[in-house]
Amino acid sequence: MPPTSAQTTPAMPPTHKGWRAWLAGIAALLATGCSGLPQEVDRPVSHALTAPSGTTLGRLVQERHKSAGARFPSGFQLLSGPQAAYSSRLALVEAAEKTLDLQYYAIHADASTERLLTGVVAAARRGVRVRVLLDDFHSTGRDAQVMRLAFEPNIEMRMFNPVPGARGSGLGRMLSMLADFKRMQQRMHNKLFIADNAMGVSGGRNLGDAYFGNAESGNFVDMDVLAAGPVVQELSRSFDSYWNNQRAYPVQSLITRKELDALRSSFDASDAATPATPNPTTEPQGQPQGSDAQRAYIWNQEPMDLAQAGLVWAPAAVLVDQPAKIPSDEPNGAVPLPERAPSGASPLSITARKTPGTPAAAPVAGDAATDTVVDGLLQLMGYARKELLIISPYFVPGPDMLQAFAAARARGVRVRVLTNSLASNDAPIAHVGYARHRPELLAMGVELFEMRSELAGLRGAFSSSGSTGGSRAMLHSKLLVMDERLLAVGSMNLDQRSQRQNTEIALLIRSKELSGQVTERIKQALGAVAWEVTLTEDRQLRWHAPQGSDLPDSHTEPDTSLPLRLMLRLLGPLAPDSLL
């Protein structure tokens with residue numbers, strides 16, 4: 001069991017005797033971190049709603065499909081703006097009658113999440129069964145308070161791949177991770193928000209202010225997709241495989257309600273002006289989370305009218321990593337589930353393979369993916385004949401990716417990649433892995449674009465609605481468009497972490513209409529809000545300013561300081577691509 005939140009990180013005294021005490025404290029924390037996870041944990045097996053057609057949402061999907069005279073059973077709407085992304089989730093919470101299933105890498109305790117979780121608790125209290133599956137990497141400090149959901153009636157919450165140790169101590173958590181470094185590097189990165197197994201949202205967003213245009217320091221530019229119909233059942237099936245896996249620990253096995261109360265009190269005492277957490281229960285609590293402007297912005301949002309959603313009906317498939325990508329320490333690490341989706345559940349499926357250079361036989365409906373989500377996308381690239389448009393916030397190509405790009409270019413395929421600039425990257429060290437491959441990618445003819453860090457202009461390029469948050473923008477969308485006919489939207493980056501360590505999920509949609517919508521927005525962004533990187537004749541990098549920006553071209557990473565560039569140059573050789 002983890003220690004109580006009353007533990008504190010020892011300070012670092014200046015004396016030799018103090019150093020010995022400090023080291024002893026570190027040793028104690030390491031010992032705590034190595035104490036391991038609870039054994040013989042009770043994990044009741046549960047599954048998604050088997051008959052979504054018996055719910056209002058299920059009937060709505062059937063009616064929309066019939067009225068559209070659609071050929072394909074599943075419908076989709078792109079959610080490119082923060083308001084659409086938030087309002088769709090609000091609508092799903094309010095419409096749910098039987099089940100709500102949430103699966104996320106991160107849920108932050110802030111104003112945006114406060115309103116969503118308040119709605120989730122209200123749904124549970126009217127009889128909706130709620131399951132929340134959260135990766136455990138970020139559930140420390142104030143964000144740990146999200147785990148209070150587990151103590152609400154009719155809500156089950158499980159933490160995937162937990163980190164042992166005190167949740168109130170950043171140093172303690174870090175040392176716990178070092179004690180089991182390999183396992184801690186493997187995270188569940190999937191994102192799903194599903195109501196009644198009938199409609200759901202999938203894509204790149206976590207839950208928090210920065211993902212819904214409401215953070216004061218800066219916001220992520222992202223894109224989700226609202227899905228309806230049988231493809232949602234495939235998403236739910238993937239959720240079940242993670243929920244019933246031995247890596248998923250009920251919150252009650254990791255921390256008690258009393259420990260969460262003590263942790264909240266410690267934050268209230270240290271910073272009375274800043275509330276500890278959005279507490280979705282009705283118990284007495286401190287002031288609500290977030291500034292007045294943040295709370296006003298988010299509480300003024302209206303739920304989407306799902307009956308009027310602009311659904312495009314198209315063939316689709318789900319690519320999802322198996323939970324076994326993060327191996328269990330226990331025998332029989334997962335509850336057995338069928339290896340294949342039910343016959344006819346998806347009209348489009350891709351068989352992943354290791355060598356993406358040339359296309360294999362045509363995809364066959366019902367084939368199970370044999371490798372990772374990123375491997376499947378690399379296979380897709382082997383089918384491209386004209387154009388590949390890629391958005392990946394963290395872009396660290398490994399050998400397989402470089403081979404796929406080289407093969408596409410050899411076939412005459414135009415390849416354009418939009419990623420973060422050093423200035424817009426929220427994880428600058430990840431930029432190192434990308435930067436070392438820039439000359440090779442440019443030499444093979446891949447066109448590289450790096451997003452500006454200023455939010456101005458992004459509203460028109462990526463979204464139909466704006467935000468009220470900070471001026472800094474950070475790219476977070478994960479998209480691939482092939483030949484303006486096939487679209488992949490998901491949680492994955494094109495980097496080796498997504499390919500080999502984190503678990504990911506993606507929706508593949510074969511639709512000229514949706515692909516055209518995304519292509520238009522990406523092309524607008526490439527011209528208006530991104531630096532184009534090229535090689536000069538003497539093989540030096542040059543950044544060409546966005547159109548109409550009145551900015552000069554640059555021969556160094558734009559909008560960055562010399563100390564930052566020097567630091568990354570020094571750290572770069574020490575950081576392997578596989579860890580970035």
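Helix α3 (residues 82–95) and helix α4 pack at an angle of about 15 degrees, and their axes lie 9 Å apart. Here an axis is a line fitted to C-alpha atoms, for helices over the stretch in contact, and angles run from 0 to 180 degrees between N-to-C directions. The two helices α3 and α4 are therefore roughly parallel to each other; angles under 35 degrees count as roughly parallel, over 145 as roughly antiparallel, 65 to 115 as roughly perpendicular, and the rest as oblique. Their crossing is left-handed, a term used when the near helix is turned anticlockwise from the far one by less than a right angle, with clockwise giving right-handed. On the α3 side, Y86, R89, L90 and V93 meet S112, R115, L116, G119, V120 and A123 of α4. A contact of this kind means heavy atoms within 4.5 Å.

The model is predicted, so local features need pLDDT of at least 70 and side-chain atom pairs count only at pLDDT 80 or more, whereas totals for chains, interfaces and linings use all residues. Residues are numbered from 1 along each chain as its sequence is written, and side-chain values use heavy atoms, with hydrogens and water left out.

Seen as a whole, the chain has 17 helices and 20 strands. Helices (H or I, at least four residues) and strands (E, at least two) are DSSP runs, numbered from the N terminus. Of the 580 residues in the chain, 60% are buried; buried means under 20% relative accessible area, exposed over 50%, and partly exposed in between, using a 1.4 Å probe and protein chains only. Among the contacts in the chain with a separation of 6 or more, 80% are between residues 24 or more positions apart.

Helix α4 also takes part in a link between strands. Strand β2 (residues 99–104) pairs with β3 in the parallel sense over six bridges, where pairing requires that DSSP finds at least two bridges between two strands. The chain runs from β2 through α4 (residues 111–125) to β3, and this β-α-β crossover is right-handed. To picture this, let the strands point away from the viewer: in a right-handed crossover, the path from the first strand over the helix to the second runs clockwise. Strand β3 (residues 129–135) is largely enclosed by the rest of the structure, because six of its seven residues are buried.

Another part of the chain holds an open sheet of nine strands, with mixed pairing, in the order β11-β18-β17-β16-β12-β13-β14-β19-β20. At its edges are β11 (316–320) and β20 (541–544), each of which pairs on one side only. Neighbouring strands of this sheet are turned by 20 degrees against each other on average, with direction ignored.

In α10 (residues 373–381), nine of the nine residues are buried, among them D375, G376 and Q379. In α12 (residues 428–435), the buried residues are A430, H431, V432, G433 and Y434. Their cover includes β13 (414–420), α13 (438–443), β14 (447–451) and α17 (562–571).

V413 sits in the loop between α11 (399–410) and β13 and is buried, with a relative accessible area of 0%. Leaving aside neighbours within four places in sequence, V413 is in contact with A384, R385, K386, E387, L388 and A408. The C-alpha atoms of V413 and V446 are separated by 9.5 Å, and these residues are 33 residues apart along the chain.

Most residues other than glycine have a negative phi. N197, although not a glycine, has a positive phi of about 55 degrees. N197 belongs to the loop between β5 (192–195) and β6 (199–203) and counts as buried, at 6% relative accessibility. D550 is not a glycine either, and its phi is positive at about 60 degrees. This residue lies in the loop between β20 and α17, and D550 is exposed, with a relative accessible area of 77%.
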